[in-house]
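Open the structure in your viewer and keep the selection tool ready.

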Amino acid sequence: MMAAPVQAGIGASPRKRDGAALLTGRATFLDDLRPEGLLHAVVVRSEVAHGRILSIDTAAAEAAPGVVLVLTGAEAAKHAGPVPYFLDPAARGGNRTDIRCLQTDKVVHAGQPVAAVVAASRLQARAAAELVAVTYDVLPHVLDARAAMARDAPRLYEDWPGNVVAHNRYGAGDPDAALAASAVVVEGELRIGRTTTSPIEPRGYLASWQDGMLTVHASCQNPHQLRWMLSVSLGIDEGRIRVVTAKVGGSFGLKMQGHPEETLVALLSKLAGAPVKWVEDRRETLMAGAREQVHRFRVGATADGRITGLVDEIVADIGALTAQAGWAMPNMSATTLPSGYAVQDVRVELDIVCTNKPPLNAARGFGKDAAHFVMERAIDLVARELGMDPAEVRRRNFVREFPYRTATGLNIDSGDFEGLLDKTLAAVDYPGIRRRQEVLRPRGRYLGIGLGFELTPESSDSPGTFVSGFDTTTVRMSVTGMVTVLTGVTSPGGGNDTGIAQIVATELGVPIEWVELVQGDTDRCPNGFGNFSGRSMVVGGGSATLAARDVRAKLLAVAARLFETSEVEIRDGVAYGGGREMPVPGVARALLTRAFAIGDIEPVLESTRAYKPGNINHVPDELGRIQPYPTYSSSLHAAVVEVDPETGKVTLDDYVMAHDCGTMINPALVEGQARGAVTMGLGSALSEQLRFDADGRLTTDRFKSYLLPRAGDLPWLRMIHQVTPSPFTMHGNKGAGEAGVGGAQAAVANAVEDALAPFDVTVRGVPLTPPVVLALIDGVRS
């Protein structure tokens, strides 16, 4: 019996193309690559948060068994320049500093690279690294962003006027007048704890210099950008560099270009004359921070719950400055406000501040999650002040007509936010939860339900940077009919390769099994921008569509000649016309082997196309605002929790997410991405937090102290799909990779406050660990 064909058109959910290899352990990741003569590198990191490097003694390390090379910052600076910024603060009016692969004179956070050891094995390199003796003149340090803004605070970079990278203002209208005229004004301070991304595979690079050529295998998101960065920092022609991305075990923003180790490993290979591999350990991975912000906000409302104005003052602690994109995330926290609510009187003041902590690195949500958390907490506080249901306050303030220009300049393309709310309330049985509350509270059990709406700008284009809103794909058919798709977008493991293959197979009218996808190779793939901002299916899928349509048009033209009819169609790998049929491989073979007999049809079954979605406008309006995002996905979250007031433990009983990412190319991939983002949000809401001791050293440096949620900690995350297609993208699809973090944080925080309503508790931040919950209760009791 023949196997049934795989249902693989747009809207179907075929299995991930590499799923079997991943599940059986046969997939090849970076650390599986072991070329002949491979050496291993270990980075020596600063043990102080702030200090001048007085001396580095490498003699003992150089004499250790297996050691080939020990490199210090002074020597590295002779061969490599500064690491280019992914997003340069100076281009946006901010302060900048040179970022080196190894520090030469001063360190500004514990864990900063100061030397590197290369040896025959990783164990030998690690043992030798412990022998490198660094002497510091220890300087005062600062670990709190507000304290870092004081005039007398220790200064990380002496040529700066202070520790503020940039101060920006966002918004429009007259929020002060709107607040003054409001029936109620609520205000508060919210703290978002420092978390991290924790991909299952840490960062890693394998560099090999050979015959004047540099090949770098990297666990990264942006291979073409990495090639450019290496060219600039090492001073070699870009054409002599090849970057290849193997399987990537998760990225979540962490593996965007800009890390010092990228340049360092390439330089070590050049100096050692052999392939050199570096894979960070979990302690190094956990240094990468995300999301530490403090918001002081005021929100006004009418007596019937309509929001009139918003003022928010944000202080964002980005740690030390990095060439990676993480420092820019707070800009999106400010820009995303006031989310999907029709509030035109808004002012957001943002200070991006350096402290002596490790840098913020780009993280899923890219700052938009903070805007959702703050706005959703503010909505609940307004409802509480007015004695209204939080769901009704949201309903009265949602944007209803699209496109809609927000106070910060974003142009929301489409949506049905009330539809999301209705679907979520029905799925979670909102009235039933309220009835259960009334029954349980007299028994000493505290059940709560919280809502969180999320509007997520996706597929960013930032003018003058490598954050681009377009991408490029080549579609090529061989003489056998097999299809190779070479795309500029990459996959961090989420399955966009499967989605793009679905699109190409659908457009060409061939089985998905005929389609091979190539990603992440700068020698084979057209120039592209990789993976970030939920862009891969929007622009990768869009450019693949255009290229596939070109190839299909050529096949149809050839078939029309062969069949002597203009009425031709292709489906399931067969061309039909004039009562005749021919398998697509026969049509391809006819063009490529009988080109002169076919006639004036160019004998090429290949097309390279770029796709630029609509709704992007870099011309500033009268307020200086630009529109950098083509699409806006949305979601409505409901969390049901039970809180034990004696222990402070929060137990998740139920979770529902109604999600709208426009047309779904592959619903199974959408659900996988959404559940992953929600889980990340739940972790940062309940248990995850990076902590530092008084000397600035990371104390949560392993999974025994940095507490990721386990499968048993979570209920089944229920998903509901709503489809409002974007009018500005190829298939009406929107990004589906970032939404979930901020909505989950907000829904949990609101649910905990709802559960503890009898105690008159006000939630002031995340994570809501048991000690934090107990402190909230005790603060009211005292």
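How many disulfides does a search of the whole structure find? It finds zero, a disulfide being a pair of cysteine sulfur atoms within 2.5 Å. This is a predicted model, in which local features need pLDDT of at least 70 and side-chain atom pairs count only at pLDDT 80 or more, while totals for chains, interfaces and linings use all residues. Residues are numbered from 1 along each chain as its sequence is written, and side-chain values use heavy atoms, leaving out hydrogens and water.

Select Cys 220: the nearest cysteine sulfur, in Cys 525, is 12 Å away. Cys 220 is buried (under 20% relative accessible area; exposed is over 50%, partly exposed in between, with a 1.4 Å probe and protein chains only), at 4%. Next, select Cys 354, which is buried at 0%. Its sulfur is 20 Å from the closest cysteine sulfur, in Cys 101, so the two are too far apart for a bond.

**Helix α21.** Select residues 770–781. Helices (H or I, at least four residues) and strands (E, at least two) are DSSP runs numbered from the N terminus. Which residues of α21 are buried? They are Val 773, Leu 776 and Ile 777.

**Strand β2.** Select residues 51–57 and stop at Asp 57. Asp 57 is partly exposed, at 44%. It touches Leu 131, Val 132 and Ala 133, not counting residues up to four places away in sequence; contact means heavy atoms within 4.5 Å.

How values were computed: The expected span of a helix is 1.5 Å times one less than its number of residues.
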